[in-house]
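Look at the sequence and the fold below, then follow the paragraphs after it. They go from the overall layout to single residues.

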Amino acid sequence: MRKTYILDTNVLLSDPNCFNNFKDNDLIIPMLVLEELDKHKTRSDEVGRNCREVIRLLDTLSKGKSLKEGVELPTGGTLKVMTSVQTETPQELLEPTSVDNMIINFALAMKKTNPNPVFLVSKD
């Protein structure tokens with residue numbers, strides 16, 4: 001059965017090549033994660049280097065294609081960038097200053113609207 005994995009920022013920053021670890025499943029990167037990556041790309045440490053590598057990989061995967069519409073991965077899966085999913089937000093996740101809460105809310109909304117099993121992949 002095909003699964004949907006939502007990738008958190010810290011997963012991408014710790015392993016820029018993690019796209020290859022999910023075989024023929026669907027990968028989702030919330031727009032919030034791309035915004036967080038943007039904040040780290042100028043760092044001169046390993047996190048900054050990994051961030052720039054993720055950005056380069058996304059650019060390569062999207063050549064002539066839209067990440068918003070989804071692109072095929074070499075492993076047989078797909079990768080898609082999504083801005084939001086509409087659903088009722090649990091009260092405890094309404095804190096707008098917590099990106100972690102917003103990503104959890106995104107994952108919960110995907111779980112309600114996606115026909116496949118949905119998993120949030122995070123190192124938090």
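A salt bridge is counted when a side-chain nitrogen of Lys or Arg lies within 4 Å of a carboxyl oxygen of Asp or Glu. This is a predicted model, in which local features need pLDDT of at least 70 and side-chain atom pairs count only at pLDDT 80 or more, while totals for chains, interfaces and linings use all residues. Residues are numbered from 1 along each chain as its sequence is written, and side-chain values use heavy atoms, with hydrogens and water left out.

Start with the layout. The protein chain has four helices and five strands; these are DSSP runs, helices being H or I of at least four residues and strands E of at least two, numbered from the N terminus. Along the sequence they follow the pattern β-α-β-α-α-β-β-α-β. Of the 124 residues in the protein chain, 40% are buried, where buried means under 20% relative accessible area, exposed means over 50%, and partly exposed is in between (1.4 Å probe, protein chains only).

Next comes the sheet. The five strands form an open sheet with mixed pairing, in the order β3-β4-β2-β1-β5; two strands pair if DSSP finds at least two bridges between them. β3 (71–72) and β5 (118–121) are at the edges with a single partner strand each, so one side of each has no neighbour in the sheet. Strands β2 (residues 26–30) and β4 (residues 78–82) run parallel and are joined by five bridges. In this pair, Leu27 stands opposite Leu79 in β4.

Helix α2 (residues 31–40) lies across β1 (4–7), β2 and β4, at about 60 degrees to β2. Such angles run from 0 to 180 degrees between N-to-C directions, the axes being lines fitted to C-alpha atoms, for helices over the stretch in contact. Which residues of α2 are buried? They include Leu32, Val33, Glu36 and Leu37. These four cover an arc of only 140 degrees around the axis, which puts them on the same side of α2; the arc is that of the directions from the helix axis to the C-beta atoms. The buried residues of α2 pack against β1, α1, β2, α3 and α4 (99–113), a contact being heavy atoms within 4.5 Å.

Now turn to charge. Side chains of opposite charge can pair when their charged atoms come close. A search of the whole structure finds four salt bridges. One of them joins Arg2 to Asp26, with the closest N and O atoms 2.9 Å apart. This pair links distant parts of the chain, 24 residues apart: Arg2 is in the segment before β1 and Asp26 is in strand β2. Arg2 is partly exposed, at 32% relative accessible area, whereas Asp26 is buried, at 15%.

Another salt bridge is between Glu53 and Arg56, whose closest N and O atoms are 3.1 Å apart. Why are these two about one helical turn apart? Glu53 and Arg56 are separated by about one turn because they are three residues apart in helix α3 (residues 46–61).

Asp8, in the loop between β1 and α1 (9–14), is buried but has no salt bridge. The nearest side chain of opposite charge is Lys123, 11 Å away; here Lys and Arg count as positive and Asp and Glu as negative, with His and the chain ends not counted. Leaving aside neighbours within four places in sequence, Asp8 has contacts that include Val33, Glu36 and Asp100.
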